[in-house]
Amino acid sequence: MFPDTKNGYTYEDCKATADWLLAQTDVRPKVGIVCGSGLGGLAEMLKDQVAFNYKDIPNFPQSTVHGHAGRLVFGTLKGRPCVCMQGRFHLYEGYSIQKITLPIRIFKLLGVETVMLTNAAGGLNQDFKVGDIMIIKDHLNMPGFAGNNPLSGPNDERFGVRFPCMSDAYDRELQQMAMDVGQELGYGDFLKEGVYCVLGGPSFETVAESRMLHKLGADAVGMSTAPEVIVARHCGMRVFALSLITNQVVMDYDSVEKANHEEVLQTGKERAEQLERLVSTMVTKIEHNNN
Ligand SMILES: O=P(O)(O)O[C@H]1O[C@H](CO)[C@@H](O)[C@H]1O
């Protein structure tokens, strides 16, 4: 069966899903977390879990990628109510861009105020090493350049304005907090910051493409995150995002390296614990209206 490629989800569709979820858990999350490839361990840190398989949630897509479990987990992280997507959706799975970002609007309607996203990405910046954690300060939204923006189509003002600003998409205070927390945890040697570039995938980049992206100012490349960030900002949530540099992008015709998903997942395993500690420590420090 092909994935559902329905384009638009109305406010009422999103509300129906959010209400369905809220009826089944007492957790009222302020933080929504999205786990990247091989980084789903963050969800396991949640206490007093109430978890739903994506296939059981009305309107939700299914995870089709290895390393994305396909569960929405509610619970608390050091006492803070959170909801965590253990697995995200990507354009290359065949879903519409509105469908892959639908969970972000559901986060909003659940009461989430801060979205924290993680992803696995290839390093373009020559100073980056495999295992580095990059705090995302900005993005290049390549599908958006070609008109594939999650906000295309009729705008519902209940979510946000027609033309949302993106120059402040990545919350600067949260970036500084990540740097400070990372230093305190002793991660200074592998904590970096940079620009994330999203491509449609699923093929990895050619050498010429990688060189071009590097010249354009990208430090890391992947196949997710930016559409989710656009939707989160459109509806007024704060955004923080991290890339785990899981592989060095091949920039040289003489290289014998070949990008592959197994390496991506393996690096995720090796660095998962530190990434989880960084995000969970930040969750305890983020101030919300009623905590
Ligand atoms: O961005 P996440 O979901 O971490 O996954 C990344 O890893 C996969 C490639 O190995 C691609 O889906 C890429 O986007």
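Biologist: In which strand does T246 have its place?

Modeller: Please keep in mind throughout that this is a predicted model. The strand that holds T246 spans residues 238-248, and the name of that element is strand 9.

Biologist: Does T246 count as buried or exposed?

Modeller: Leaving aside residues up to four places away in sequence, T246 touches A120, A121, V130, E263, V264, T267 and G268. Buried means under 20% relative accessible area. The relative accessibility of T246 is 1%, so this residue counts as buried.

Biologist: Why is strand 7 largely enclosed by the rest of the structure?

Modeller: Strand 7 covers residues 191-198 and has eight residues. It pairs in the parallel sense with strand 6 (residues 133-141) over eight bridges, where I133 stands opposite L191. Strand 7 is largely enclosed because, of its eight residues, the number that are buried is seven.

Biologist: Which residue is the bridge partner of Y196 in strand 8?

Modeller: Strand 7 also pairs with strand 8 (residues 220-222), again in the parallel sense, over three bridges. Together with helix 7 (residues 207-215), these two strands make a right-handed β-α-β unit. Within strand 8, the bridge partner of Y196 is A220.

Biologist: How far apart in space are L213 and M142, C-alpha to C-alpha?

Modeller: L213 lies in helix 7, and with a relative accessibility of 1% it counts as buried. M142 is one of the residues that L213 touches, and the others include L124, C197 and V221. Although L213 and M142 are 71 residues apart in sequence, their C-alpha distance in space is 9.9 Å.

Biologist: How many bridges join strand 3 to strand 4?

Modeller: Strand 3 (residues 71-77) is mostly covered, since six of its seven residues are buried. On one side of the pairing pattern, strand 2 (residues 47-53) runs antiparallel to strand 3 with five bridges, and N53 has R71 as its bridge partner. Strand 4 (residues 80-86) also runs antiparallel to strand 3, with T76 opposite P81, and the number of bridges joining strand 3 to strand 4 is seven.

Biologist: Which residue in the turn between strand 3 and strand 4 has a positive phi?

Modeller: Strand 3 and strand 4 form a hairpin, with two residues between them. In that turn, a positive phi of about 45° belongs to K78.

Biologist: Which backbone oxygen does the side chain of H234 reach?

Modeller: H234 has its place in helix 8 (residues 226-234), and at 5% relative accessibility it counts as buried. Its contacts, not counting residues up to four places away in sequence, include R105, L151, F159, V161 and M166. At 2.9 Å, the side chain of H234 reaches the backbone oxygen of V161.

Biologist: What percentage of the ligand's own accessible area does the protein cover?

Modeller: The ligand is surrounded by 13 residues, the closest being S37, H90, Y92, S224 and H261. An oxygen atom of the ligand lies 2.7 Å from a polar side-chain atom of S37, and an oxygen atom of the ligand lies 3.5 Å from a polar side-chain atom of H68. For S224, an N or O atom in the side chain is 2.5 Å from an oxygen atom of the ligand. On its own the ligand has 340 Å² of accessible area, and the share that the protein covers is 96%.

How values were computed
Residues numbered from 1 in each chain as written. Predicted model: local features only at pLDDT ≥ 70, side-chain atom pairs only at ≥ 80, totals over all residues. Heavy atoms only, no water. Buried < 20%, exposed > 50% of the residue type's maximum accessible area, 1.4 Å probe, protein only. Helix = DSSP H or I, 4+ residues; strand = E, 2+ residues; numbered from the N terminus. Pairing = 2+ DSSP bridges. Right-handed = clockwise from strand over helix to strand, strands pointing away. Contact = heavy atoms within 4.5 Å. Near = heavy atom within 4 Å. Polar contact = N/O pair within 3.5 Å; in protein donor to acceptor, adjacent residues only side chain to side chain. Areas by Shrake-Rupley, 256 points an atom, 1.4 Å probe, with all protein chains shown as cover.
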